[in-house]
Amino acid sequence: MFKKNKRSVFKILSVLIQLFFRKYPSVFFVVKWLFITAIIGVFIGCASAFFLQTLEWATQFRENHLWIIVFLPLAGFLVGLLYYYFGKDVEAGNNLLLETIHEPKKTIPFKMAPLVYFGTIITHFFGGSAGREGTALQMAASIADQFSKPLRLSADDRKILIISAIAAGFGSVFGTPIAGAIFGLEVSLTGRIKYKALFPAISASIIADLVTKLLNTHHTEYLINFVPEISLLNILYALIAGISFGICAAFFSKTIHKTGDFFKSKISYPPLRPLIGGVIILLSVWLMGTTKYLGLGIPTILDSFSQQLPAYDFALKAIITIITLASGFKGGEVTPLFFIGATLGNALGYFIPLPLALLAGMGFVAVFAGATNTPIACSVMAFELFGIECGVYVIIACVVSYLFSGQNSIYKSQIIDKSKHKRYWKKEEYL
């Protein structure tokens, strides 16, 4: 009798809950996605913390044992072998994530996470010029998508899940949760934001960032100690700087794709491409007589905020990064783009009379904005990293860079929904 009454009570409660959620669907949506993003946020935050801490170790080891870069070509060959024999179906990297958002098909293979992790650590350990964001996003999305079947998510929910994972990976790896959320929303489709994914993206990014910080993970701090008052002349300077950043972003995006195509057309066996790329980088380091353009380049980024650097730093970093990534080494493009942008901003300080740190900060986010078509996310990122005081200048730089970078992107699978310029309006194609 007691068991029957108990079952009856549960049935009544179940019916009441269903009726409540039908009447208040927004409450159901929030509860559902808070539950899902709490799960993936914890996993992604832990993965980002582990990745960042081991990456810092690899970087420190290389900097203390520079002789190890001699083995960069062999390291490239190893990365090439890993992907050729075990990772052909995940080699598309971030483009695979964008394609899954556009048209969800089979679950993203979990092996993407360990493959991109080891590929990136090997690349940095031996001196390749690459970033962190690509690795963080791929690890995050491949982890999150493993929950799509157990949670019985629909195709539309899977899109939201991958967007949330991208947001969590980006936000936790850079310590910028709000920018991470907006990046996840903004990056997949140029000109349109999927607002249905807004709450899940923000929730996942904040939770992942909190977990990463709870695990004592270090994020680099940047300082813009003086921002001049807004004036017509200073706005003109910001416009000129934004145009320069946009042209630089377009050059980088076009060149990295063309260089990748060149390696593929000339070298048929994929593992040999990063080997040859490693040899070219070694020769470049020998000719330049410096290793400052290898790895993440954080020390040079920090220097660009405080002292005048050689005007060619941004160009050399761009060349080394393009060779590294186009030949088949693994890692992201974003931190090198931060380096390129910050040092280009620093170089503009030779003739634009804005504070050096402000120009470096504007370039830091604006070249990235132009190369990924994410001006809103990059503007918010500047607020989180440098403070709201630089707001007008970084917004101008990011928006102008976005406009002047044209229909280009470092991500081939980024789709144009709303073109930037009238002459492109009738085109519906992949970038």
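I started with Thr374, which, leaving aside neighbours within four places in sequence, is in contact with Phe183, Glu186, Val187, Phe368 and Ala369. Contact here means heavy atoms within 4.5 Å. Before going on I noted that this is a predicted model, where local features need pLDDT of at least 70 and side-chain atom pairs count only at pLDDT 80 or more, while totals for chains, interfaces and linings use all residues. I also noted that residues are numbered from 1 along each chain as its sequence is written, and that side-chain values use heavy atoms, with hydrogens and water left out.

Thr374 sits in the loop between α15 and α16. Helices are DSSP runs (H or I, at least four residues), numbered from the N terminus. Is Thr374 buried or exposed? Its relative accessibility is 0%, so I put it down as buried. The cut-offs: buried is under 20% relative accessible area, exposed over 50%, partly exposed in between, with a 1.4 Å probe and protein chains only. I also checked Thr374 against Leu161, 213 residues apart along the chain, and found 20 Å between the C-alpha atoms.

Asn373 is in that loop too, between α15 and α16 (375-386). Its phi is near 60°, a positive value in a residue other than glycine. Most residues other than glycine have a negative phi, which is why I wrote this down. Asn373 counts as buried, at 3% relative accessibility.

Asn216 has a positive phi of about 55° and is not a glycine either. I found Asn216 in the loop between α9 (198-214) and α10 (232-266). With a relative accessible area of 70%, Asn216 is exposed.

**The core**

Which residues touch the most other members of the largest nonpolar core? Phe305, Phe364 and Phe386 do, in a core of 126 residues. Helix α15 (residues 356-372) gives the largest share of this core, 12 residues. A nonpolar core is a set of buried Ala, Val, Leu, Ile, Met, Phe, Trp, Tyr and Cys residues joined through side-chain atoms within 4.5 Å.

I followed up Phe386: not counting residues up to four places away in sequence, it touches Tyr222, Ile224, Phe305, Gly361, Phe364 and Val365.

**Helix α15 and its partners**

Next I looked at α14 against α15. The axes of α14 (residues 334-348) and α15 come within 7 Å and cross at roughly 135°. Axes are lines fitted to C-alpha atoms, for helices over the stretch in contact, and angles run from 0 to 180 degrees between N-to-C directions. The two helices are therefore oblique to each other. For the angle classes, under 35 degrees is roughly parallel, over 145 roughly antiparallel, 65 to 115 roughly perpendicular, and the rest oblique.

The crossing of α14 past α15 is right-handed. A crossing is right-handed if the near helix is turned clockwise from the far one by less than a right angle, and left-handed if anticlockwise. On the α14 side I listed Val334, Leu337, Phe338, Gly341, Ala342, Leu344, Gly345, Asn346 and Leu348, which meet Leu356, Leu359, Ala360, Gly363, Phe364, Val367, Phe368 and Ala371 in α15. By class, this contact has 13 nonpolar, four polar and no charged residues. Ala, Val, Leu, Ile, Met, Phe, Trp, Tyr, Cys and Pro count as nonpolar, Asp, Glu, Lys and Arg as charged, and the others, Gly among them, as polar.

Then α10 with α15: their axes come within 8 Å and cross at roughly 45°. That makes α10 oblique to α15. This crossing is right-handed. Ala238, Ala241, Phe245, Cys248, Ala249 and Ser253 of α10 meet α15 residues Leu359, Met362, Gly363, Ala366, Val367, Gly370 and Ala371. I have the classes as 10 nonpolar, three polar and no charged residues.

Also in α10 is Thr259. Thr259 counts as buried at 18% relative accessibility, and it touches Ile322 and Ala326, not counting residues up to four places away in sequence.

**α7 and α8**

How far apart are the axes of α7 and α8? They are 7 Å apart, and α7 (residues 155-174) packs on α8 (residues 177-186) at an angle of about 145°. The contact includes Ile163 and Phe170 of α7 and Phe183 and Leu185 of α8. It has nine nonpolar, three polar and no charged residues.

**Val42**

Last entry: Val42 is in helix α2 (residues 25-64) and, at 38% relative accessibility, is partly exposed. Val42 touches Ile207 and Val211, residues up to four places away in sequence not counted.
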